[in-house]
Amino acid sequence: MDALFVCGRRGLLRAAAAAALLALAGCALNPVTGRSDFVLMSEEQELALGARYHGEIIKAQGRYEDPRLQAMVQRIGRALAAVSHRPEIDYQFTLLDSSEVNAFALPGGYIYITRGLLAYLGSEAELAAVLGHELGHVTARHSVRQQSAATVTGLIGAVIGAHAGSGAADLAGLAGTALVRGYGREHELEADRLGAQYLARAGYDHNAMTRVIGVLKDQELFEVEQARREGREAQVYHGVFATHPANDRRLQEVVAEAASLRTAALRVEDRAQFLRALDGLVFGDSESQGMVRGNRFYHGPLGIRMVFPDGWRILNRPDRLLAVAPERDALIQLETVAAKPGADPAELLRQAVGERALRAEFSLDDAGVRGRGATVRIDTPFGPRDGRVAAVLVGEHGFLLSAAAKPEAWPLDLARGVSESFRSLGPLADAERPLARARRIKIVTVAAGQSLEALARGDPSLERAADRLRLLNGWYPAGQPRAGELAKVVVR
């Protein structure tokens, strides 16, 4: 900090600016530590912020439509909240309809876990550990404290920049980034400590915290390897540390501290009951988002299918479908658009591109399809480029297709592949409807002599099925099923 606030007139301006900002800040007692925290947000503002963004989270990802599982998540979460440092908050625990392996919390008591993460858990205590970890972030007001630090450093950077030029502003920004990111390890460790405490107080085995981190670490290792193979960024749960929990002495110490805090009788774990509750859980893409099968996409509710060029990676996001070329030098995007009965594709195209000039227009009319496309100058991840854009009607549903390439002049193979992909968008055939069904978890009893490979045959199209079953059942990296035990398999 001393390096920024130097002597002289500029130094006085900077010091005055910082002092003014610090005077605006508030100090609040941390509910966990009892010490004063530097925050810019009252508890009332914290609650209002969470309520505001809760609706956005639900809109973006959606609740998983299974009342039994929703009730289970809420029941376990509230049992933990009742013995937490902030039991007075009206907590909302929600199971999200997302295939990502994730859990997170908003300020004010809004806590989420995805069905993608739930699939990998093997007991109620492990689910409680995940929820307890996220509850710890809320009770310790981590997001509020982090936002306060980020806000102040950002404001100081802006003030310094106004008086000292952009170089100082950049330096202040880097200092602020380091300060905020420095919270990561300590906040996650504190959330694990608090989560273990809440597990013990609610009657769960506090060691489930270490076990579930081990499960998530295995899943992370698998995901990192898979992402490397596919040339993409890995998507991992934020709470997992760099080392395995078996080698993390600090983690083991903070979890062990909870042993003396048990205030309720240890709950009797019914693993079979928990696993049977997961029977039928959607695994991977949901039918509402459509199914990716190799380089093909099938969407039952919309009644469409589309084929992408061989080797392209398909990203199925809640609001759009993206396909990326192997060299990351081209992409295709599919979105839905509102279309009234009898809509004109040419008019939909014009509405989509606004005042941009249309060139080299083309038709996409086919059986059950009406479409109009053109070359249009658009903003892309590669900068302004001549992209291909088309509005297509399949039955009563409207779609917007767009494609861009890194080269200013499209190579012939990219142009041909995009054209063929655009023209492949069409009605879903009856024979294709089974391909639009979601994969699901099925709970089975392992038969005598039944191998991992035999269990993996439930869905032959599942990539690296044996490794995924190991992850789902706690057998990773080299375990084998045992006769008579319950196991998760993936079926379609």
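First, the ground rules. Residue numbers start at 1 in each chain as its sequence is written. Since this is a predicted model, local features need pLDDT of at least 70 and side-chain atom pairs count only at pLDDT 80 or more, while totals for chains, interfaces and linings use all residues; side-chain values use heavy atoms, with hydrogens and water left out.

So how much can you trust, and where? pLDDT is the predictor's confidence in each residue, on a scale from 0 to 100. The chain averages 83, and 83% of its residues reach 70 or more. Over residues 148-183 the value is below 50, and beyond near neighbours in sequence that stretch has 36 contacts in the model; a contact here means heavy atoms within 4.5 Å. Residues 1-25 also stay under 50, with 26 contacts beyond four places in sequence. Helices (H or I, at least four residues) and strands (E, at least two) are DSSP runs, numbered from the N terminus.

Now to the sheet. Three strands line up in the order β3-β5-β4, forming an open sheet with mixed pairing; two strands pair if DSSP finds at least two bridges between them. β3 (92-96) and β4 (103-106) sit at the edges with a single partner strand each, so one side of each has no neighbour in the sheet. On average, neighbouring strands are turned by 20 degrees against each other, direction ignored. β4 and β5 (residues 110-114) pair in the antiparallel sense over four bridges, and A103 has I113 in β5 as its bridge partner.

Two helices lie across β3, β4 and β5: α2 (residues 43-61) runs at about 25 degrees to β5, whereas α5 (residues 124-139) runs at about 145 degrees to β5. For these angles, axes are lines fitted to C-alpha atoms, for helices over the stretch in contact, and the range is 0 to 180 degrees between N-to-C directions.

Back in α3 (residues 67-81) you'll find Q70. Q70 has a relative accessible area of 15%, so it is buried (under 20% is buried, over 50% exposed, partly exposed in between, with a 1.4 Å probe and protein chains only). A polar atom of the Q70 side chain lies 2.7 Å from the backbone oxygen of L95. Leaving out residues up to four places away in sequence, Q70 touches R63, Y64, F93, T94 and L95.

Side chains of opposite charge can pair when their charged atoms come close. The cut-off for a salt bridge is a side-chain nitrogen of Lys or Arg within 4 Å of a carboxyl oxygen of Asp or Glu, and the whole structure holds 22 of them. One joins E124 and R75 at 3.3 Å, N to O; E124 lies in α5 and R75 in α3, so the pair ties together parts 49 residues apart in sequence. E124 is buried at 18% relative accessibility, but R75 is partly exposed at 45%.

Further along, R439 and D459 meet in a salt bridge at 2.3 Å, N to O. R439 is buried at 14%, and D459 is buried at 3%. Finally, a network of salt bridges links E225, R229, R464, D467 and R470.

Notes: A polar contact is a pair of N or O atoms within 3.5 Å; within protein, one must be able to donate a hydrogen and the other to accept it, and residues adjacent in sequence count only if both atoms are side-chain atoms.
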